[in-house]
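Here are my notes on the model. Please read them with the structure open.

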Amino acid sequence: MISLNLTVPLAVDFNDAADYFIFIANLLIATSAVLLAGSVVLGILCTKSLRAQNRFIFMLNTSISDTLSGFGNYYIGLFDVQEGYPSKNDTYYIVPSLLGVNILTIFFAQIDRFLAVFYPYFYSRYGTRTVVIEVCLFCWFYTYLTLTIQHVVTVEDAAKINAYGILAIQAVILAKVILNVKLYLIAKYQIAREPPGPERDGKKESLRLIIVVVVCFLALWTPDFYYVIVVQMTRSRYMFNNNASDPLHMMIRFTSASNPGLYIWGSPALREAVLKTVWGRVCPPLRRR
C-alpha cells in the first residue's frame, strides 16, 4: 500500500490491479483533455481566419471549458473526491459546472447552424461575431450565477433551484435531440441539392461535426444524469466511494477530451491550424506537412 502525506488522500489505495487501472485511466483522461482542448484554444486564437467564423467561436468556448475541466480532473480523478450527494473534498461544484457551460454552448451552436442553413438572410444580418461572443459569455454568466445563488441561499432553496435546473437540462436535452434530427435531415437532403462548391462543403462539414459532437456528448453524459435522478428519487446511496472509481463520472470527464478531439478530426482547417501553430512548434516536422 502506498501511503502519502496528503491533506486529501488519493482516490485509490493501490492494493490491487484495478486501483492502478483507475488511477492511470483518470490521469490519461485529464492529460488528454488539457492537451487536446488546449491545442484547440491556441489553434483558434492564433489563426485569424478561424476567429472570424462563428462556429469556431463556439468551439473556442467549449474548448476553454474543457481545458479548465482537464485541470480540474487532475483533482477530481486522482484524489478522494465526491461531488454532489454526498459530497466529500469537493470543489463546491465549480469544476462539474463547466459541463453546464458546454451543454449551453453546444445547444446554441446547434441553433447557430440551423439558422445559418435554414434562414441565411436573417443569419447574415443578425448572426454576427459580436452576438456569438455575447452568447458564449452568457453561457458562463448563467451557469456560475446559478451556482453562486445556490451557495448563498438556504439548503431548502438550493434544493429547489437544483430541481428546476434538472428540469431545464431535460428540456435542453430534448431540444438537442430534436435539433440534431433536423440538422441531419438538412445535411442529407437540402444541402445535397445545392451546387458543388466551397460554401456547400463548409455547410456540410459544420453540420456533420455538430451532429457527431452532440451525439457523442449525450452518449457520454446522459447515463450519469439519469443515474443521479434515480438515486435522488429512491433516496438510495451512491455505489462508489468517489468520483474517480465511478465509471459514469469517468465517462463525463472523457467528454473534455472527446469534444476537442472531434473538432480536430472533423475540421481540416482547425486540424491544420493546430498542427502548424501549436504542435508544429513542439515538433517542427509537423509544421512542414
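This is a predicted model: local features need pLDDT of at least 70, side-chain atom pairs count only at pLDDT 80 or more; totals for chains, interfaces and linings use all residues.

Residues are numbered from 1 along each chain as its sequence is written, and side-chain values use heavy atoms, without hydrogens and water.

1. Start with the largest nonpolar core, which has 44 residues. (A nonpolar core is a set of buried Ala, Val, Leu, Ile, Met, Phe, Trp, Tyr and Cys residues joined through side-chain atoms within 4.5 Å; buried means under 20% relative accessible area, exposed over 50%, partly exposed in between, with a 1.4 Å probe and protein chains only.) Those with the most contacts inside it include Met-59, Tyr-263 and Leu-270. Among the elements giving two or more residues are α1 (17-45), α7 (155-190) and α9 (247-266). Helix α8 gives the largest share, eleven residues. (Helices are DSSP runs of H or I, at least four residues, numbered from the N terminus.)

2. Look at Tyr-263. Beyond four places in sequence, its contacts (heavy atoms within 4.5 Å) include Val-40, Met-59, Leu-209 and Leu-270. Another core, of six residues, lies apart from the largest one; Leu-10 and Phe-14 are among its members.

3. Thr-91 sits in the loop between α3 (54-78) and α4 (97-118). Thr-91 is buried, because its relative accessible area is 14%. Leaving out residues up to four places away, Thr-91 touches Tyr-75, Glu-83 and Pro-96.

4. Ile-149 belongs to helix α6 (residues 129-152). Its relative accessibility is 35%, so Ile-149 counts as partly exposed.
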